[in-house]
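Work through the exercises below with the structure open. Try each task before you read its solution.

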Amino acid sequence: MKTLTSLVVLVLFTQAVFAQKNCGTSAYLDRVRLEFQAPSFRNNLSFAAPQSSNTGASSAELSSQTVITIPVVVHVLYNANANVTDEQIKSQIEALNRNFNKENEDFSKVPAVFASVAGVSNIRFVLAKVDPNGRATNGITRTKSVRELWTNDDKVKMAEYGGVTPWDTRSYLNIWVCNLVPGLLGYSSAPGSPADKDGVVIKFNIFGTSASGNFNMGRTAVHEVGHWLNLKHLWGDKECGSDEVDDTPQQKTYNQGTPTFPKMGMGCSAANPYGEMFMNFMDFTNDASMMMFTQGQVNRMRNLFNAGGIRESIRYSKALGEPWNNTPVTAGTNSGTNAGTVSQPAPMVVIAPVKLYPNPAVEKITIAATSEQNITGQTFAVYSVDGRVVTAGTISANIFNLNISSLHRGIYFIRLGENADKQVLRFVKQ
Ligand SMILES: [Zn+2]
């Protein structure tokens, strides 16, 4: 009976979580704002102001017909599950291309009043053919990670936490695919974010078009790449806020599920006579209900690629050209930039989300769990570089001091735990 109750609770919880799109970009940007207080960074953090008017006429260098091709690298982080097939990845790239270019069949369902302002971006997405070291790649990296669950703290982008360092963000759109915590389907950086955090993170089971359920058409990634290309949510992330695009009607807040047209606005002064554009990709409706970008959104995205624009460098990327480096990948180098044709080996030393300090240390070293982790009760063993166990025991508190005064000077490894969640960290005794 108890099991049954738990199951019912779990099912209810899951439905609640998946009742809406639940993009994490706004919360993510709020978090980054808190974490990075440097003024120069803060100024660049929010979505960039358009670099020209929405007429398109000032984009002299880049006509609206010029196709912008964005090389994409997909970093798959898997553990016991969360792996995705190459076919799933290709289906996602195709979904991006369809939906950014009004080639989606269900565009015919867009009401005429809104179809008249729909835009074709002429932005195309292609899996990279050349990695940052000049080697041939299929544009996919696969990394087995010690972590099973990720959140919007960007550790998925950091090798020291078991994540994968982005490929040069001036030349690639980086997409990390992993298992995100319940309730989070994806999040994106905004243009102008730090280069090592630039890109999009998507939950593995709604990536591509092979999923079932409400998010089965690859449109979470369409929405997040929209953010990566400077689009805001239609309601501007506040009540009756602005998305800084002229041809999207003002909205009080987000829509979810499968609304029916016309859905009249709820009390914004600039309410549109035809109601809210809930079929726009930058709302929170189910995949089956979102099917268009507007011309104003298209202009805002394309402005990033103009001369001097934040993403201009993508136009000069060599990632879709010919490989120029034929030397094999050296064993043991795990830079996070390996070609997708070469699976990255599981790292031997994982700098896990446990802190070890001071390092180097003389008398004692402190092993401290992060807030997400409990290490009390785990076994530990300290190894010298030649593999001998020099001391071992059990961690008795989440902040645990280990006396190392009797060790000789040198490099040591400390292993925490024993099973799949085993972590190995390195320290130096002085
Ligand atoms: Zn969003």
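The model is predicted; local features need pLDDT of at least 70, side-chain atom pairs count only at pLDDT 80 or more, and totals for chains, interfaces and linings use all residues. Residues are numbered from 1 along each chain as its sequence is written.

**Exercise 1. Find how many residues of helix α6 are buried.**

Step 1. Helices (H or I, at least four residues) and strands (E, at least two) are DSSP runs, numbered from the N terminus. A residue is buried if 20 or more other C-beta atoms lie within 10 Å of its own, exposed if 12 or fewer, and partly exposed in between; C-beta atoms are placed from the backbone.

Step 2. Locate α6. It spans residues 219-228.

Step 3. Count. Ten of its ten residues are buried. Among them are His 223, Glu 224, His 227 and Trp 228.

**Exercise 2. Work out how α4 and α6 are oriented to each other.**

Step 1. Take the angle. Helix α4 (residues 86-100) and α6 pack at about 60 degrees, with axes 9 Å apart. Axes are lines fitted to C-alpha atoms, for helices over the stretch in contact, and angles run from 0 to 180 degrees between N-to-C directions.

Step 2. Classify. Under 35 degrees is roughly parallel, over 145 roughly antiparallel, 65 to 115 roughly perpendicular, and the rest oblique. The two helices are therefore oblique.

Step 3. List the contact (C-beta atoms, placed from the backbone, within 7 Å). Gln 92, Ala 95, Leu 96 and Asn 99 in α4 meet Arg 219, Ala 221, Val 222 and Val 225 in α6.

**Exercise 3. Decide which strands stand at the edges of the open sheet.**

Step 1. Read the order. The three strands run β9-β10-β13, with antiparallel pairing (two strands pair if DSSP finds at least two bridges between them).

Step 2. Find the edges. β9 (354-357) and β13 (399-403) each have a single partner strand, so one side of each lacks a neighbour in the sheet.

Step 3. Check one pair. Five bridges join β10 (residues 364-369) to β13. Ala 368 has Ile 399 as its bridge partner in β13.

Note on methods: Two residues are in contact if their C-beta atoms, placed from the backbone, lie within 7 Å.
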